[in-house]
Amino acid sequence: MSTLVTDRHDLAAGARAMAPWLFGIVPFGLVIGLSAARADIPTLAGWLTGPLILAGSAQIAMIEMLDAGATPVVVVVAALVINLRLIFYSATMARYWRGTPWWWRLVAAYLIIDPSFAVGMDGYGRPVDRRRGHAYYLGGAALMWVAWVAAISLGATLGAGLPAWLHLEFVIPLFLLGEAVTKLRDPALRRAIFAAAAVAVLALAAPLHLGIVLAIVAGIAAGLTAQPRPRPSRQLAEVAP
Amino acid sequence: MTVWIVILAAAAGSYLFRLSMIVLADRYTLPPALERATGFVAPAAFAALAAAGIATACVGVGATQAAAPLAALAVAVIAVLRTGSGYAAILAGMPVLWIATALLPS
């Protein structure tokens, strides 16, 4: 009985730790829902990327590329390249989940993404027993999941009813532009961003929409040529799923 | 049909990434260079998609039709640089796009 009470307490504590992240999660989810409704794919398919892929950058890239008519293999490759960071989050969580039941690992792994990773690490970093860390992670991740799927649903519902003169197809390029501009201060990221943008424009006519994948690879290569700066801890790539 | 398969394939791949090291951590370690590279993926992808999206809106149309998205782009960049928030690009860029589209002859 006392374990259940502790679990509930830790679940709530994890959810509370996730609350500030909702400021990033909800607007991003709304933008993805809007784009799913406007894109030239079934809205349900765009919405399904939420619960199935649970990774905003990859979702938005997929919806954009599918809308532009990119070749299926290229879309999948782009999404997986964007999600490569999940392998590192997986490696970090592995040490906390060693010896846990399989069902827990299968569920907890599904919920790994930038905000849940950050909240989870916060929970496991506290000097309490690991089981309470699991409840803390689950509480944060569950709130994130509900907010993410709800925001995408709301965006998709609103997007379907809005008139064409609003040019909502321009919301995503502007959103992506804004996100890229906020990262220009870091010299290595700046190189990556300019190289990727330049290659994307130059390769606009590339067959199969391979230009986007080429541009991502060029951006990574350009970023790696910059001097690495020492960083105090692992930096999260995103502030939302 | 293809759209559903693409989404399912990306979902399966992403789930395998999430599960990968939880299953394999005892046997493999990841090279630090790869970890550093992953930090550049999302900004590079965002920049590439934004550039391609805006360029597509401007290529093959008349100068007056390209002017509206370019004006929105310029205002969006300034808004983000001034506020430090990525969402300022939408909040400032979209009204400029609407006004410019309404004012400019199509």
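1. The crossing of H3(A) and H4(A) is right-handed, where a crossing counts as right-handed if the near helix is turned clockwise from the far one by less than a right angle, and as left-handed if anticlockwise. The model is a predicted one, in which local features need pLDDT of at least 70, side-chain atom pairs count only at pLDDT 80 or more, and totals for chains, interfaces and linings use all residues. Residues are numbered from 1 along each chain as its sequence is written, while chains are lettered from A and ligands numbered from 1 in the order in which they are written.

2. The axes of H3 (residues 43-53) and H4 (residues 56-67) of chain A come within 10 Å and cross at roughly 150 degrees, which makes H3(A) roughly antiparallel to H4(A). Helices here are DSSP runs (H or I, at least four residues) numbered from the N terminus; their axes are lines fitted to C-alpha atoms over the stretch in contact, with angles from 0 to 180 degrees between N-to-C directions. Angles under 35 degrees count as roughly parallel, over 145 as roughly antiparallel, 65 to 115 as roughly perpendicular and the rest as oblique.

3. On the H3(A) side, the contact (C-beta atoms, placed from the backbone, within 7 Å) is made by Gly46(A), Thr49(A), Gly50(A) and Ile53(A), and on the H4(A) side by Ala58(A), Gln59(A), Met62(A) and Ile63(A). These residues divide into four nonpolar, four polar and no charged, with Ala, Val, Leu, Ile, Met, Phe, Trp, Tyr, Cys and Pro counted as nonpolar, Asp, Glu, Lys and Arg as charged, and the others, Gly among them, as polar.

4. Leu54(A), in the loop between H3 and H4 of chain A, has a phi near 50 degrees, a positive value in a residue other than glycine. With 26 C-beta neighbours inside 10 Å, Leu54(A) counts as buried (20 or more other C-beta atoms within 10 Å; exposed if 12 or fewer, partly exposed in between).

5. In chain B, H3(B) and H4(B) pack at an angle of about 155 degrees with their axes 8 Å apart, and are therefore roughly antiparallel to each other; their crossing is right-handed. By class, this contact has 16 nonpolar, three polar and no charged residues.

6. Between the chains, 60 residues of chain B are in contact with 72 residues of chain A. The largest share of the side of chain B that touches chain A, 22 residues, comes from H2(B), and by class that side has 45 nonpolar, 12 polar and three charged residues.

Conventions. Contact = placed C-beta atoms within 7 Å. Helix = DSSP H or I, 4+ residues; strand = E, 2+ residues; numbered from the N terminus.
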